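Subject: Structure handover

Hello,

Here is the structure I promised you. Please open it first, then read my notes below.

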Amino acid sequence: MIAKTSPEIGGIGHSVKRKEDLRLIQGRGNFVDDVHLPGMVYGHVVRSPFAHARIKGVNIANAMALPGVLAVITGDDLAKAGLAWMPTLFHDKQMVLATGKVLFQAQEVAFVVAEDRYTAADGAELVEVDYEELPVLVDPHRSLDPSSPILREDREEKSNHIFHWEVGDRGETEQAFQRAEVKAHVDAVFQRCHPAPLETCGCVADFNTATGRLTIWLTSQAPHAHRTLFAIVGGIPENNIRVISPDIGGGFGNKVPIYPGYVCAVVASLKLGRPVKWIETRSENLQSTGFARDYHMTAEIAAGRDGKVKALRVKTLADHGAFNAAAQPSKFPAGLFSICTGSYDFQKAFCEVDGVYTNKAPGGIAYRCSFRVTEAAYLIERAMDVLAHDLKTDPAELRLKNFIPSDRFPYQSPLGWSYDSGDYAAAMNRALEMIGYRELRKEQAEKRAKGELMGIGISSFTEIVGAGPAHTFDIAGIKMFDSCEIRVHPTGKAIARFGTKSQGQGHETAFGQIVAQELGIPVADITVEEGDTDTAPYGLGTYASRSTPTAGAAGAMAARKIRDKAKKIAAYLLEASEEDLEWEPGKFSVKGAPGKAKTIQEIAFAAYTDVPPGLEAGLEAVHYYDPPNLTFPFGTYICVVDIDKGTGEIKVRRFVAVDDCGNIINPMIVEGQIHGGLTEGLGIAFMQLIAYDESGNVQGGNFMDYLVPTAVETPHWETDKTCTPSPHHPFGAKGVGESPNVGSPAAFVNAVVDALAHLGVRHIDMPVTPWKVWQILKQKGIAG
Amino acid sequence: MIPPQFEYVKPSTISEAIALLQQHGDDAKVLSGGQSLIPMMKLRLARPAWLIDINAVPGLGGIREDGGYLKIGGLVREAELEASALIRAKYPIIHDTARVIADPLVRNLATAGGNLAHGDPANDHPATMIALGAEVVATGSKGTRVIPIDSFFVSIFTTALEPAEILTEIRIPIPPPSSGGAYFKLERKVGDFATAGVAAQVTVDGSGACQRVGIGLTNVGPTPLRAKNAETALRGKKLDNAVIDQAAQLAAAESQPSSDLRGPEEYKRGLVKELTRRALVRALERARR
Amino acid sequence: MAKTQKVHVKVNGQKKEAEIEPRLLLAHFIRDVVGLTGTHMGCDTSNCGACTVILDGRPIKSCTYFAVQADGHEILTIEGMMRDGQLHPLQQGFHEEHGLQCGFCTPGMILSAHALLQQNPSPSEDEIRWGISGNLCRCTGYQNIVKAIQNAAAKMQQKGAAA
């Protein structure tokens, strides 16, 4: 049970207004492009127009002749320093600047440095690259064809196959399918999309030749990991590198990888002895930085005629582009995709994933997806709807029948996960009530009789976040603990530093609330810092909804260490024994003598002025938290759509989101996260696609065609919650940032398919656009 | 993102502007709203050596009825059209059109004149001006001339304007009583160009028969198109659902859409049919008011 | 270096003079020459509105306007929204209603909202959504931004009524 604190203390559960707002609403944030250093120069990347081509030569003479251009770095220059290639986050390497050949359109080929950004752009245009085009491979289904070009000449094994991964029991699952009364099948593509945070990626690299210290302001969601990687790759001693991740304008996973532009800026700064700023444009961001998804999936469910599911079989082809730059824990080439049994009690399951190379931008990062959990949740929720359709059963009933019951936790899934806690029926029932489900089905029947199209889509997702326990999880070898260091000052104020890095999630406020909860110090008196590797304790960063489950937990544990010491000091001051003291947020008092008490402020002062003999002065602690398990937030989302038969346009009439993320630190912040994630899901479900034509030209590579919803397309979101605490987390929280992006695409797609189900439609691939809907209606003789 | 270098000049009279355009020929471009030109320059797709900023040239503003015409100055901003009480009350088809051009920020700078002069088949005003039978007034070194809208759009990004001519005014013959028009645009999201757009303007007589009709199509061809066959099918007929449907079908058949990221050709044709129907129905409703 | 030109622009009430290339975008002028970095750039195709500033009372995309065009004109940026050290009701509203998360779209959003409320002091929700449809946000889903603007509109109406 979490003690309730006063609004003044502002502990867990209070909707404390955000501290970070003050500078941001005044336009006084400090984003990377706001950093201005004396002598700073600008970098601009020269990029390949071709998807696959040999580089015959790079001529920099005209660029270098342009007044104001200071340097042009090529792949050959980097190769001399052993830097033309760098390791990716996932057992592969990628080119920093191309040598030999290019493997995707927009790949980095050279880096021009000039006195100002306009000259750098002019200089980039003057770099001449002689390309010899090669045959292009863009269809991942053709990657393993013998006739397809082998893309990666640098790899020992000459193949476009990156990995095969499987989990579960193939044989037993096969048997379950053979016995099955009913089998449902769906082929579902989760299309290539992009996190597109409003601030693009960039850095200011400042190598101080006098001190040998490199300071990098960086759009980084994981500053410490980046520092370590820069040290290893760049050969600069790690104590001479300082990464500062200042205000970040959205991340969503896009700012987890290390990009060639960063490395080039560092090299340029070393070479010139001046700070080098590199800020990519939106087009560069969409065309070359970490894309998301591109999973080509098949799911089969074996079930009884009564609708009880028995087994799940999943096969996936993963398109990783030219380099496997996926940000995944190192033992998980397909991330946590094996959560694909979802909220349902399957007895048997088997899942296999094959990763392949294509001539496309590299990656497979986690776009607000907890490492492939969006793909998994989308797949199972679509498959359950297909099963419901095949059985002519109501999709809500089918789910309720198959949910893992709330008394079966911790639940061991057939694919190896131990779900911590859940009450799926409660969330579902609340959502059904909020949306008025029965009335909607009645309305749908009436509308169908009149030829009008409306649909109801349900998604009852379970996701898996908070990576993760050291025994199983690491990224590039670094274990996925996270950390917090707290120092309480003599006057009772505190500073808490974390190894995570907020890009809008409100850590400065919410993490302060955790410390406020544990110590009873008012949240206004607690400064929270993240992002400076010189001062913050080591952490793996913010993505995978892991900050609250890991760093937040570390904050609670560090605070409890402080409270333990505070108790000793209190006992000394009160001349009582520790066993005779009781704690309420903000003070220790003697049991039975409430007047005899010491506040945390008095104790803090004493820690510097009147320390018990034998005890060190000071009042601080650091904790590195190794989560014992992941956490499993869940929820039910229900979407209602109306379809315009004449144009195929889809209007979201209502969207209800019931989320369960255990105990909530700041309800206002959680609600904001849900709104934002649902809006991203809307874009993904209905509008977004990064595609390539047969020549490897990217389509949807700028904001004219990569469509981000405006306030007009975005509907009103109705949110609510249930609360099933995590039994293993210090304050029962699970994390929630990704849930809305994980759970919502299926709700949107299920709604549209549901609207057309009576016409025999079983599946439509995303983005579900008006023209796709219209073509279906035309085929059925309803439109056109 | 960074435009190439250019020289910039801001003339304070129309003659100065024209003289500069003559002097620099193909090396010069007119800068009015800049909301189409500047993005192209930032992508380095347009590289004029000279920008002639005409925003200080007087006499290019104003929305007024005069001498049987609705006159819209070449520099009138889309936002002004959107906010104009006169336009809203008497020319709702133009209000329909202005309000769906790009987004509110762009509309504060983008000009109606520029929307025509740029020659982009994806722009919205052309179809509406076709439907209204508008005329373009242009001033150049040889003086002022009037270009009928049907002669104005020559090919993609090419209009009938001479290199040293400036579009100074759009004039629309004031429709007779019992006239109404509407513009329907389907876009993937606010701020996008049309997947397809249809403008319809009708005048009906006492018996409800169509006396005059104009139908313009947006972004379904290399230029904005007039749906001539559809118009012919409507003239003189009573505008009931069957007649409207037939006209819509004809408009779809005479459109020339291409498949692209906004959708396949078949879909765009289907949209032309549907939006023509909706535009005619709304135009008729407004004509009857 | 191309021929430069002198411009005089009033920024947040203060006269600024500079010698610049004609191709310098107004957004870069504001950020790099004047040194006010609250105006942000989020795209390169004039689609996101993060660069919104108010030019002679109307909100525009400063990335799609050359600084030379602003010669003799007045600009208001986010830095000019505070009055006498007090947050503008819009800034206050965004804070109270959690109308921002990462803060990158916020300056442009506030300025668009400012222009909207000047034209329409009591907008409906639909009018608000329409009014900010040129400003993209990736974090908030717009719902709290709408509430923030409604919050500010209500406060400003009250103040107006009380005056």
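In chain A, four strands make an open sheet of mixed pairing, in the order S26-S25-S24-S30. Helices (H or I, at least four residues) and strands (E, at least two) are DSSP runs, numbered from the N terminus. Two strands pair if DSSP finds at least two bridges between them. Strands S26 (526-530) and S30 (620-625) of chain A are at the edges; each has a single partner strand, so one side of each is left without a neighbour in the sheet. Direction ignored, neighbouring strands of this sheet are turned by 15° against each other on average.

This is a predicted model: local features need pLDDT of at least 70, side-chain atom pairs count only at pLDDT 80 or more, and totals for chains, interfaces and linings use all residues. Residues are numbered from 1 along each chain as its sequence is written, chains are lettered from A and ligands numbered from 1 in the order in which they are written, and side-chain values use heavy atoms, with hydrogens and water left out.

Back to the sheet. S24 (residues 482-488) and S25 (residues 494-498) of chain A are antiparallel, paired over five bridges. Within that pair, Glu485(A) has Arg497(A) in S25(A) as its bridge partner.

Two helices pack on the sheet. Helix H13 (residues 507-519) of chain A touches S24, S25 and S26 of chain A, and its direction makes about 130° with that of S26(A). Helix H14 (residues 547-574) of chain A touches S24, S25 and S30 of chain A, at about 145° to the direction of S30(A). Contact means heavy atoms within 4.5 Å. Axes are lines fitted to C-alpha atoms, for helices over the stretch in contact, and angles run from 0 to 180 degrees between N-to-C directions.

How do the two helices meet? The axes of H13(A) and H14(A) come within 9 Å and cross at roughly 35°. Among the residues in contact are Phe511(A) and Ile514(A) from H13(A), and Ala551(A) and Gly555(A) from H14(A).

**Chain B**

Chain B has twelve helices and 14 strands. Its C-alpha trace spans about 55 × 45 × 30 Å along the principal axes. Of its 289 residues, 62% count as buried (under 20% relative accessible area, 1.4 Å probe, protein chains only). Among contacts in chain B between residues at least 6 apart in sequence, 64% join residues at least 24 apart.

Best wishes

Definitions and conventions:
Buried < 20%, exposed > 50% of the residue type's maximum accessible area, 1.4 Å probe, protein only.
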